[in-house]
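These are my notes from a first look at a structure that is new to me. I began with the overall make-up and then went on to a few details.

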Amino acid sequence: MNIAVKLMQKFKDRDTQNKLKVYQDKVELIRKRDLEAWDDRQLQAESLRLQEEAKSGTPLDELLIDAYALVCEAAKRKLGLQPYDVQIMAAIALHERFLIEQHTGEGKTLSAVMPAYLNALTGKGVHVLTFNDYLAKRDAEWMGPIYRFLGLTVNSAQAGMSLSEKREAYAKDITYVTAKEAGFDYLRDTIALSEADTVHRPFHYVIVDEADSLLLDEARVPLVISGDSPSSRSDSFRFAEVARQLKQAEHYDFDEFQRNVYLNEAGAAKAESLLGCGNLYDSHNSHLLTALNCALHVESLLKKDIDYIVRDGKIELIEEYTGRVAENRYLPDGLQAALTAKEGLQSIAGGKILGTITIQHFISLYPQICGMTATAHASAMDFEDIYALQVVQIPPNRSNIRIDHPHRIYTHKEAKLKALVQEISAVHRTGRPILIGTSSVEESDMLAEALAAAGVSCHVLNAKNDAEEAGIIAKAGEISAVTVSTNMAGRGVDIRLGGGDPAQAEVVAKLGGLYVIGTHVNESVRIDDQLRGRSGRQGDPGASVFYVSLEDELMLRFGIHKTVRAPKQDEALEEVLSSKITSIQRIVMGQNFDIHKELNGYSDMVEDQRRILYAERLRILKGEQPLSPAEQRVRLFYIDELWADHLAYVSYLREGIHLESLASRNPIDEFHSQITEAYEQIPSKINSASEDMLERLEGSNDPAEWEKFGLKSPASTRTYIINDQYLQNKRTSWTGTTVFAYWLRMIAKPIFKLSKY
């Protein structure tokens, strides 16, 4: 097997080298188009010529050399930037719709301008999807002078813009926007009852920045639009109090991966006593059982300052992969209400879900996709399998001379913390800048306190505003700077030695450059590489090292602490364990990929159904069907109503579909069968409801009459993100609760005609 893998890798390496040789040849042709002698008007006339060529149907491949030469000259004149050969090579690969791996500090932002300009020449619009609003605004303003000089328009679409501002932003030739905001705008378009209320144009070409974070880590995040609803009082506080009185092992158990929690018999008896409800598993108590399970889950599995923080009287979830506050993100179903009750806060009801789409499915709406990141190679198979995107590694402008030290492994967390503080203190005394990557807000604060006690002051990045973070990161390479951060994914700012001051940079370089320290290893090698990659930019000196404890979560999960028989000690263990840790990371990445693929089996069919129904909806909205205004409004209204009902049914099914295996049926096959049966009934239901309403309206085309009968958009909507619990809770265990839930559903089916919708 190893031989086959090595041969495959050798073949891929040769293929990459051949591609890079072709790109280098094109770079030479671009360089030969020396436009330095041209005046501004000549350059702008050439850009106009290229636009006319592109709009008349000339293939963009034939215009690439001229277009890229223009951008290079415009970048030099307007921004004082001269693209490196490797940046132009990356730009060629992006146009050819590859996913490029370009090291941190190699200038991805400028590389993206060339293909964005070339593909915008057609007038069909280009989107550059960024990680946050700050980066979208920054990059649009930073690169804007190049586009405008060449006669193209550019803007960023930001959260909070009005409808007209959004329409204007998306009407530009190039639009910088976050994937989430573009996705929310798409969802708003899908429930618009008038074409004038939509903001997106047909999708064309997209460049995905921080592609590994968006296309893999965040890919399954469901974006949701719902009818807004006011604050509501719930019984969640009662269940939170009951959950607090239950004890682990005595009243409940965890599954082997510590991802789910289950009541045992003693726990059920205790809960029944506290709730005074009789048999908790009787059908009339099913709502109590669900609420209690939610309360128990958040009480025992969700940790404050690790999974969430409380700020300004609100729960704010923390992104697993970045360790940062996840803006506008909620847990599904009753978990969010249970969590707010756990913290003694009031819950806000979610409202009826009107539409939902995952980031993965949203990005796949673009006919042409490419992306860029500093860490793609480790997940090349995932990109190819899910998006048919091949990874091309772009060589650095200057060779990477960073020193990556072997992991330093300790028997327990206290020894690791002590060693960390000693190492940071010793290095800090030399003046060398240090960047420390931590696993959570809690760990960041704890380390900062330990460093303060040792006389080392530091900047802590763990839940601040993006613009503030950018300023702190920019200074992280200054002499004596110590920066403690949660994971660095999506930060989007280079760390320059000396903070960009040449004299300081020289001193820092002599000290060894930026020293990166990880306080743990992540499940994914990519996330570790993102942290490492902050050091050694553009051929700078630098170093990285990861400190690991056998009590770290990943080590405990895989039982590494049991295989090492060393007694507790303050000294680091032998380096031989490093290879074991790397193997674990690769196993976990493989497991997560398999889970991702299996879960796609559930969401892909729902997305296929949505696209078919939405295509029909769009034809009605655009007036492509011979309908009167009243018929148009009525049909749009009932399409939205019945799709929302279908989503509620899908959610209900999805919650318990794994129970189908109890009856020896494949859960995915059973899920597909049931949602297909339900979906096939939607057209007849739309027709029937529409006919009844048109009869009541007596064919009136008066909008005031439509309003009287409730044929209008929701008074207000809210958009938010649901944390993907299915991914976290994929590995489940059979208990009395789940068996009961299965049989309850089987009994309920004929009573409520669930099999028929």
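**Entry 1: overall make-up.** I looked up burial first: 54% of the 757 residues of the protein chain count as buried. The model I am reading is a predicted one. I then listed the elements and found 29 helices and 22 strands in the protein chain. For contacts, I took those between residues at least 6 apart in sequence; 77% of them join residues at least 24 apart.

**Entry 2: strand β2.** I picked strand β2, residues 126-130, and asked how many of its residues are buried. The count came to five of five, and I noted the strand as mostly covered. I next sorted the residues by side. Val 126, Val 128 and Thr 130 lie on one side, His 127 and Leu 129 on the other, and all are buried, which leaves both faces of β2 covered.

**Entry 3: partners of β2.** Which strands pair with β2 in the parallel sense? I found β4, residues 174-178, joined to β2 over five bridges. I also found β5, residues 205-209, paired with β2 in the parallel sense over four bridges. I followed Val 126 across to both: it stands opposite Ile 174 in β4, and its bridge partner in β5 is Tyr 205.

**Entry 4: cysteines.** I searched the whole structure for disulfides and got zero. As a reminder to myself, a disulfide is a covalent bond between the sulfur atoms of two cysteines. I looked up the accessibility of two cysteines as well. Cys 72 counts as buried because its relative accessibility is 6%, under the cut-off of 20%. Cys 458 has 23% relative accessibility, so I put it down as partly exposed.

**Entry 5: cavities.** How many cavities of 30 Å³ or more does the structure hold? I counted five. Sorted by class, the lining of the largest cavity has seven nonpolar, three polar and three charged residues.

Notes: Residues numbered from 1 in each chain as written. Predicted model: local features only at pLDDT ≥ 70, side-chain atom pairs only at ≥ 80, totals over all residues. Heavy atoms only, no water. Buried < 20%, exposed > 50% of the residue type's maximum accessible area, 1.4 Å probe, protein only. Helix = DSSP H or I, 4+ residues; strand = E, 2+ residues; numbered from the N terminus. Pairing = 2+ DSSP bridges. Disulfide = S-S within 2.5 Å. 1 Å grid on protein atoms, 1.4 Å probe; cavity = no way out; pocket = protein on both sides within 12 Å on 5 of 7 lines; lining within 4 Å. Points joined across faces, edges and corners; volume = space filled by probe spheres on them. Nonpolar A, V, L, I, M, F, W, Y, C, P; charged D, E, K, R; others polar. Contact = heavy atoms within 4.5 Å.
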